[in-house]
Amino acid sequence: MSDPGQSPENPWPVRAVATRVAKWIDRLGTVWVEGQIAQLTMRPGWGTVFMVLRDPAADMSLTITCVRDLVVNAPVKLAEGTQVIVYGKPVFYTGRGTFSLRVTDIRAVGIGELLARIERLRRLLDAEGLFDPRLKRPIPFLPSTIGLITGRASAAEHDVVAVASARWPAVRFAVRNTVVQGPNAVPQIVDELRALDADPEVDVIVLARGGGSVEDLLPFSDETLCRAIAACTTPVISAVGHEPDNPLCDLVADLRAATPTDAAKRLVPDAAAEQAMVTDLRRRAAHALRHWVHREERLIDQLRTRPVLAQPLLALNARADEVQRARAAARRDINRLIAGESDRLEHLTARLSTLGPAATLARGYAVVQVLDGAEAAVLRSVTEAPAGTRLRVRVADGAVITTSEGSDEAH
């Protein structure tokens with residue numbers, strides 16, 4: 001036969017299982033636990049107080065119980081959202097089959113401890129590069145729709161909407177109201193942040209909250225929220241608290257605004273200021289244009305007063321006179337050259353006439369040629385004209401044909 005509880009034929013009764021679980025948990029001993037009070041139930045007449053202790057960095061919680069006097073006499077007023085350190089012993093209640101931590105001491109987490117924890121988380125996120133300026137997304141100049149996550153009917157919502165609408169009346173908002181402190185703040189803010197990031201019409205997201213204590217602003221230094229901001233593809237503006245406040249979401253966000261009002265001023269330009277700037281630019285442009293036109297007019301006037309433009313034919317007339325004088329000088333030189341050459345030609349002609357054959361013939365001389373067929377050769381010797389030779393005798397006024405009778409020496 002099998003051992004008890006190891007087969008359906010030999011099962012354990014509920015009381016046996018509950019008793020064994022209670023004995024095993026009882027051996028765990030006491031422990032110090034830190035967390036944030038997410039729920040506190042203290043009803044009149046009850047001697048036991050029930051609380052839910054939540055882990056701020058994870059979606060986990062633990063039920064704790066304590067006597068009423070421990071809550072009443074706590075060093076600080078205990079409420080939802082209070083960060084505490086408790087000392088207790090794990091207990092399993094066999095009657096109801098529930099587990100809880102039976103607390104015998106409650107201590108509030110001091111400001112120094114909260115700041116030290118935030119500083120440790122800051123160093124961790126910084127080492128992972130979540131604060132790197134190169135990862136910051138630019139804020140659009142004129143966003144069509146602004147996602148706003150803030151408390152319901154809060155002063156932060158009023159400041160952002162009123163200031164932005166006054167600066168740019170056409171601005172549109174997608175407002176998401178959540179709790180902004182306490183144990184439920186981070187889950188609600190993260191859910192709305194992801195929803196707005198997934199909306200294609202939202203161009204920028206603003207986290208807005210008024211000022212408060214370190215404990216009040218603790219959700220905005222939560223690791224889950226910081227990582228959710230870093231994961232957004234839409235630019236995120238952190239406008240949490242006042243100027244001295246600096247939760248970790250300020251470092252992760254793409255832009256940190258000192259106050260919600262400052263965030264509204266950074267979101268949209270001032271329409272009146274932009275109109276004034278446009279008017280001033282138009283005035284300056286018109287002044288610059290008029291100045292340029294006047295300068296060009298003065299330049300044209302100066303050019304027109306110059307002699308070359310005031311009397312444009314003066315230079316041509318002066319050159320025309322020079323050309324006329326040059327032409328006259330050239331004509332004189334040419335005439336003189338022609339006259340000299342004409343005289344020289346006349347002298348040469350006279351000499352040629354004097355020395356030429358015509359002048360010689362005119363003085364009584366004649367040229368005798370021997371006619372031999374079609375050719376005629378000058379008679380140079382008597383031997384060349386024997387008797388019977390046909391001769392052509394040229395004189396000053398013409399030529400005669402004759403026949404040679406021979407040389408005088410032959411007779």
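This is a predicted model: local features need pLDDT of at least 70, side-chain atom pairs count only at pLDDT 80 or more; totals for chains, interfaces and linings use all residues.
1. S6 and S7 (residues 172-177) run parallel and are joined by six bridges.

2. S6 has another neighbour to look at. Strand S8 (residues 204-209) pairs with S6, again in the parallel sense, over four bridges. Here Gly147 stands opposite Ile205 of S8.

3. Is S6 buried or exposed? Six of the six residues in this strand (residues 145-150) are buried, so S6 is largely enclosed by the rest of the structure. Look along both faces: Thr145, Gly147 and Ile149 point one way, while Ile146, Leu148 and Thr150 point the other way, and all are buried.

4. Now step into the loop between S6 and H4, where you will find Ala153. Most residues other than glycine have a negative phi. Ala153 has a positive phi, near 55°. Ala153 counts as exposed because its relative accessibility is 74%, and the cut-off for exposed is over 50%.

5. Next, the charged side chains. Side chains of opposite charge can pair when their charged atoms come close. The whole structure holds 17 salt bridges. One of them joins Glu119 and Arg123, with the closest N and O atoms 3.5 Å apart. Both residues lie in helix H3 (residues 111-127), four residues apart, or about one turn of the helix. Glu119 is partly exposed at 30% relative accessible area, and so is Arg123 at 47%. Arg122 is also linked with Glu119 and Arg123 in a network of salt bridges.

6. Arg336 is exposed, at 53% relative accessible area, whereas Asp333 is partly exposed, at 41%.

7. Which residues form a nonpolar patch on the surface? They are Leu299, Leu303, Val308 and Leu309, with about 340 Å² of accessible area together. Helix H9 (271-305) and helix H10 (307-310) each supply at least two residues of the patch; Leu309, for instance, is in H10.

8. Finally, zoom out to the domains. The chain is divided into domain 1 (14-109), domain 2 (115-268), domain 3 (270-310) and domain 4 (360-404). The centres of domain 2 and domain 3, taken over C-alpha atoms, are 48 Å apart.

Notes:
Residues are numbered from 1 along each chain as its sequence is written. Side-chain values use heavy atoms; hydrogens and water are left out. Patches are made of residues with over 30% relative accessible area and no salt bridge: like charges are joined within 9 Å, nonpolar side chains (Val, Leu, Ile, Met, Phe, Trp, Tyr) within 5 Å. Accessible areas come from the Shrake-Rupley method with a 1.4 Å probe; for residues, only the protein chains shown count as cover. A salt bridge is a side-chain nitrogen of Lys or Arg within 4 Å of a carboxyl oxygen of Asp or Glu. Domain bounds come from an automatic or database domain assignment. Buried means under 20% relative accessible area, exposed over 50%, partly exposed in between (1.4 Å probe, protein chains only). Two strands pair if DSSP finds at least two bridges between them.
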